[in-house]
Amino acid sequence: MSIDLHSYLARIGLPGQTRPTLDVLRSVHRAHMEGIPFENLDPVLGSAPSLALPDLEAKLVHGERGGYCYEHNTLLAAALTAIGFRVTLLTARVLVGAKPDEIRPRTHMLMLTEVPGEPVPYVSDVGFGSIGALLEPIPLAADVELHDAPRRHRLVHAPHEGPLELWKLQTYLVAEGEWEDQYSFTVEPFQAPDYEVVNWHIATNPRSPFARVVYVQRTTPGTHLSLTGRRFTQTAPDGSRIERELADGDEVLKVLREEFGIRLPEGTRLPE
């Protein structure tokens with residue numbers, strides 16, 4: 001089943017970008033990041049999001065909603081494939097916020113995108129709900145810094161016992177003056193049924209934070225917005241932040257509409 005590419009590109013503000021070039025890949029990636037918010041409201045409201053392409057289009061393209069990594073990156077992979085890129089789906093272990101000896105499961109979805117004429121594929125990922133997320137794709141090459149302004153990223157190799165090279169995505173923290181690990185991955189391909197399983201786990205496991213706490217992110221050219229529970233944070237490119245606690249569920253719904261462009265069905269009540 002193919003995506004309605006015209007509607008998708010209109011949603012992210014890039015009509016007509018349909019040639020498989022590096023410039024188009026970069027433009028689509030950044031426009032998607034700035035055009036569609038990250039959110040986990042379906043799991044918090046008690047359901048596992050559908051990863052079927054028509055449902056993703058209805059929600060993220062036409063429905064004034066966002067989604068989390070499986071939704072965003074399934075949609076992007078379909079769009080890139082329709083444009084003419086070759087895409088390989090991957091999974092990663094999230095490292096940001098992990099303790100030094102903590103081993104987390106592979107629960108994050110990302111992809112490699114092959115660009116005609118380019119010597120290496122590009123890591124593409126529009127579904128990482130963090131201020132450390134990629135704004136543009138990064139080439140699969142060690143220690144090559146990407147200036148996806150206002151952010152900076154790089155990929156490094158990490159030692160491990162597996163047969164495939166282990167890669168780590170890092171982002172530069174301006175305020176702290178250091179590199180921070182975001183996630184690690186190998187280039188083993190994954191398929192749609194793999195994400196159905198992990199999507200169900202993340203959305204329905206009572207111990208999953210995504211099933212209990214609201215996480216919403218939006219990237220704009222001048223700021224990064226995040227909502228964790230009722231904590232609303234605006235982060236400037238220099239790392240400075242303005243935070244405030246929202247009063248109640250009604251204010252949360254108002255902020256979702258006005259700041260994130262997310263409109264939930266009339267009468268929706270978020271858990272207190």
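How many bridges pair β2 with strand β3, and in which sense do the two run? Select β2 (86-94) and β3 (residues 106-114): they pair over eight bridges in the antiparallel sense. Strands (E, at least two residues) and helices (H or I, at least four) are DSSP runs, numbered from the N terminus, and two strands pair if DSSP finds at least two bridges between them.

The model is predicted, so local features need pLDDT of at least 70 and side-chain atom pairs count only at pLDDT 80 or more, while totals for chains, interfaces and linings use all residues. Residues are numbered from 1 along each chain as its sequence is written, and side-chain values use heavy atoms, with hydrogens and water left out.

Within the pair already selected, find T88, whose bridge partner in β3 is L112.

Contact here means heavy atoms within 4.5 Å. Axes are lines fitted to C-alpha atoms, for helices over the stretch in contact, and angles run from 0 to 180 degrees between N-to-C directions.

Move to the loop between β5 (138-139) and β6 (153-158), where P150 is found. The peptide bond from A149 to P150 is cis, with omega near 5°.

**Second stop: helices α4 and α5**

Select α4 (residues 53-61) together with α5 (residues 69-83); their axes are 10 Å apart and the packing angle is about 105°. The two helices are therefore roughly perpendicular to each other, a term that covers angles of 65 to 115 degrees. On the α4 side, the contact is made by L53, L56, E57, K59, L60 and V61, and on the α5 side by E71, H72, T74, L75 and A78. Six of the contact residues are nonpolar, two polar and three charged. In this grouping Ala, Val, Leu, Ile, Met, Phe, Trp, Tyr, Cys and Pro count as nonpolar, Asp, Glu, Lys and Arg as charged, and the others, Gly among them, as polar.

Between α4 and α5 is a loop that holds E64. The phi of E64 is near 55°, a positive value in a residue other than glycine.

What is the order of the strands in the open sheet of five? The order is β1-β9-β10-β11-β12, with antiparallel pairing. β1 (38-39) and β12 each have a single partner strand and stand at the edges, so one side of each is left without a neighbour in the sheet.

Zoom in on β10 (residues 224-228) and β11 (residues 231-235), which are antiparallel and joined by five bridges. H224 stands opposite T235 in β11. The two strands form a hairpin with two residues between them, and G229 in the turn has a positive phi of about 65°.

Continue to β12 (residues 241-245), which five bridges join to β11, again antiparallel. F232 stands opposite R244 in β12. This hairpin has five residues between its strands, and G239 takes a positive phi near 90°.

Show the second largest pocket, with a volume of about 610 Å³. Of its 27 lining residues, R93, L95, E102, L166 and S184 are the closest to its centre. The largest share of the lining, four residues, comes from β8. The lining divides into 12 nonpolar, five polar and 10 charged residues.

Finally, turn to the largest cavity, with a volume of about 100 Å³. Its lining has 15 residues, with M33, F38, V126, F128 and Q217 nearest the centre. β9 gives the most to this lining, with three residues.

On a 1 Å grid over the protein atoms alone, a cavity is a set of points where a 1.4 Å probe fits but cannot get out; a pocket is an open set with protein on both sides within 12 Å along at least five of seven lines, and lining residues have an atom within 4 Å of a point. Grid points are joined across faces, edges and corners, and a volume is the space filled by probe spheres set on the points.

How values were computed:
Parallel < 35°, antiparallel > 145°, perpendicular 65-115°, else oblique.
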